[in-house]
Amino acid sequence: MSRRAIVLVISILTALGFTAAAFFYDRYSVSEETPPVAPVASSLVRFHSPVIGTANAPVTIVEFFDPSCEACRAFFPVVKQILADNPNDVRLVLRYVLFHEGSETAARILETARKQGVFEPVLEALMVAQPQWHSDPQVLKAWEAAEAAGLDVEKARAEMMAADITETLKRDSQDAQAAGVRQTPTFFVNGKPLLSFGAQPLNDLVKAEVEQSK
């Protein structure tokens with residue numbers, strides 16, 4: 001084979017290689033941007049999941065939530081207002097997705113708070129104080145805020161690495177992956193994914209589900 005022919009073959013193979021790479025890159029990118037689809041309901045709400053609101057409410061908001069996430073903090077009053085406006089019709093189920101540094105410790109603080117019966121006040125305290133601790137791997141200000149909200153810190157530190165808490169975080173991570181969760185917060189309302197991110201779309205989806213439940 002002549003030198004010219006060899007060069008031509010190499011050029012063709014190189015071009016085909018770049019085309020294939022571009023094809024698979026586009027497919028991967030599209031899959032990353034695809035909104036989560038409604039998973040099996042049992043993988044959204046587990047027996048261990050924290051629940052805020054009326055236990056038997058007909059409408060369930062599931063929030064995949066990172067306590068260190070600034071967007072989760074921004075949505076916190078939005079979700080709180082939805083619950084206040086629909087006290088008998090809507091409940092919130094929180095699932096942990098730990099994307100940020102310090103998130104795991106914060107989640108373990110919340111789980112120990114749940115064992116002590118002070119989950120909601122500690123959750124609110126952590127959200128209010130989040131700007132002071134979310135970039136701190138030791139989340140010292142989170143501990144301070146939790147203690148001020150009623151957490152027995154000494155007991156919490158002793159219990160935070162308990163096997164059941166570790167299993168909760170592991171299960172939530174697995175369910176988040178199965179549901180296609182790639183950012184926080186990610187919401188599902190009665191199993192339906194929130195396709196348009198924002199406070200108003202969330203309010204609209206909840207309102208539609210409440211009306212349908214009547």
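A polar contact is a pair of N or O atoms within 3.5 Å; within protein, one atom must be able to donate a hydrogen and the other to accept it, and residues adjacent in sequence count only if both atoms are side-chain atoms. The model is predicted, with local features needing pLDDT of at least 70 and side-chain atom pairs counting only at pLDDT 80 or more, while totals for chains, interfaces and linings use all residues. Residues are numbered from 1 along each chain as its sequence is written, and side-chain values use heavy atoms, leaving out hydrogens and water.

The side chain of Asp 172 makes such a contact with the side chain of Arg 95 at 2.7 Å, and reaches the backbone nitrogen of Tyr 96 at 2.8 Å. Asp 172 belongs to helix α7, residues 163-178 (helices are DSSP runs of H or I with at least four residues, strands runs of E with at least two, numbered from the N terminus). Asp 172 counts as buried because its relative accessibility is 0% (buried is under 20% relative accessible area, exposed over 50%, partly exposed in between, with a 1.4 Å probe and protein chains only). Leaving aside neighbours within four places in sequence, Asp 172 is in contact (heavy atoms within 4.5 Å) with His 48, Phe 64, Arg 95 and Tyr 96.

Turning to the sheet, five strands form an open arrangement with mixed pairing, in the order β1-β3-β2-β4-β5 (two strands pair if DSSP finds at least two bridges between them). The edge strands β1 (51-53) and β5 (192-193) each have a single partner strand, so one side of each lacks a neighbour in the sheet. Strands β2 (residues 59-65) and β4 (residues 186-189) pair in the antiparallel sense over four bridges; Glu 63 has Phe 187 in β4 as its bridge partner.
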